[in-house]
Amino acid sequence: MIFFITVLRALAALLITNAHYVGVYPIEIIANGGLLGDVIFFGVSGFCLVNIKQGFFQWYRKRVIRIYPTVWLITTIYILLGFYSLKYWSLAEYYFYPTYYHFVGSIIVLYIAFYVVVKTKALLNNIPRLMVCLFIIELIIYIFIYDKSTYHIDTVREPMIRFLFFQSMLLGAYFRINKERFMNSNRIMNWIALLLTFIAYFGSKLTFVKFDQLSDYQIINQVILIGLLYFVFKSFAGIDTRLEKLPNKIKGIIAFVSSITLEIYMVQYVIIPKFSTIVFPLNWIVITFVIVLSAYLLHVISQAIIKSIERIINKKSNSRGYTI
């Protein structure tokens, strides 16, 4: 794995988790950055998955196997412990679609579209144009259908957000295809642009939240966010060699967090409110420790289950003359 991608995956997990620390910090605005973490995560997914060698059903089955056992395990635990209720959600919704975790519901659909792009040479070679076309479609829906009475375009459970997530995957794929242009090309202007788009993104978000009369223009927030994601990739790709030279202990911590990002995302919903009433910063310390420990245990158990499932499928596949 290219190390700057490992760094971005860990950064995405931290941003998403931090955004859920509502009630933890003495100043609520600190609990922010979740959508930025989401788009980084989808961008990393696109970067990592662009070199598809398998047919669709084999490839998609592998993706499902890598995600759903973890979903099923943590969902079962939380239902048995009484944290998830069957009053409003059915078992099918919890276990299959959309699941309690918006990321899973989105990516399991977007995998299909992503596969089509990767396997269609004309699309794969023209990702920037494809992203523009997708934005035009989104803009038409936004103008004529979307409810613009209040600011809610960053609501992650709305179908509209999947335009943003898919464009993030495509941007990640674009960087993978053109990585030689960006790797270790460190320029100060990239970091200045990153800082400015970061300020513009959060500034626009706060503005739209505060002034409802500006909600007609809230799609600008998504445009800025894609620009921010572009400079996140460009800036971190530019210092990959420097990141590789970090002390081994620091690299080990980053790699550890990166390896359990999915599990961190899944365990935190129950843990955060359970300990948020403890005085700050003790609540932050306790919550973070419990999240990391729970995520690691979930990772170990779910990976054992996933490997068992893969062995069973491989045996059946090999007996029929093909592999997973």
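1. A residue counts as buried under 20% relative accessible area, as exposed over 50%, and as partly exposed in between. The model discussed here is predicted. W89 has a relative accessible area of 23%, so this residue is partly exposed. Y100, at 26% relative accessibility, also counts as partly exposed.

2. The structure holds 41 aromatic pairs. In one of them, F41 and F103, the ring centres lie 4.9 Å apart with the planes at 90°, so the pair is edge-to-face. F41 belongs to helix α2 and F103 to helix α5 (residues 102-119), and the pair links distant parts of the chain, 62 residues apart. Both F41 and F103 are buried.

3. W89 and Y100 form a tilted pair, because their planes stand at 50° with the ring centres 5.9 Å apart. W89 sits in the loop between α3 (56-80) and α4 (91-95), and Y100 in the loop between α4 and α5, so the pair ties together parts 11 residues apart in sequence.

4. Y100 has a further contact: the charged end of R157 sits over its ring, 5.7 Å from the centre. Elsewhere, K148 lies over the face of Y142, at 5.2 Å from the ring centre.

5. The count gives one cavity of 30 Å³ or more. The volume of the largest cavity is about 70 Å³. Its lining includes F41 and F103, along with A13, I16, D38, T261, L262 and Y265. Helices α1 (3-19), α2 (34-48) and α14 (261-275) each supply at least two lining residues, and α14 gives the most, with three. By class, the lining has six nonpolar residues, one polar and one charged.

Note on methods
Residues are numbered from 1 along each chain as its sequence is written. This is a predicted model: local features need pLDDT of at least 70, side-chain atom pairs count only at pLDDT 80 or more; totals for chains, interfaces and linings use all residues. Side-chain values use heavy atoms; hydrogens and water are left out. On a 1 Å grid over the protein atoms alone, a cavity is a set of points where a 1.4 Å probe fits but cannot get out, and a pocket is an open set with protein on both sides within 12 Å along at least five of seven lines; lining residues have an atom within 4 Å of a point. Grid points are joined across faces, edges and corners, and a volume is the space filled by probe spheres set on the points. Helices (H or I, at least four residues) and strands (E, at least two) are DSSP runs, numbered from the N terminus. Ala, Val, Leu, Ile, Met, Phe, Trp, Tyr, Cys and Pro count as nonpolar, Asp, Glu, Lys and Arg as charged, and the others, Gly among them, as polar. Rings of Phe, Tyr and Trp (its six-membered ring) pair if their centres lie within 6.5 Å; planes under 30 degrees apart count as stacked, over 60 as edge-to-face and the rest as tilted. Buried means under 20% relative accessible area, exposed over 50%, partly exposed in between (1.4 Å probe, protein chains only). A charge sits over a ring if NZ of Lys or CZ of Arg is within 6 Å of the ring centre and within 35 degrees of the ring normal.
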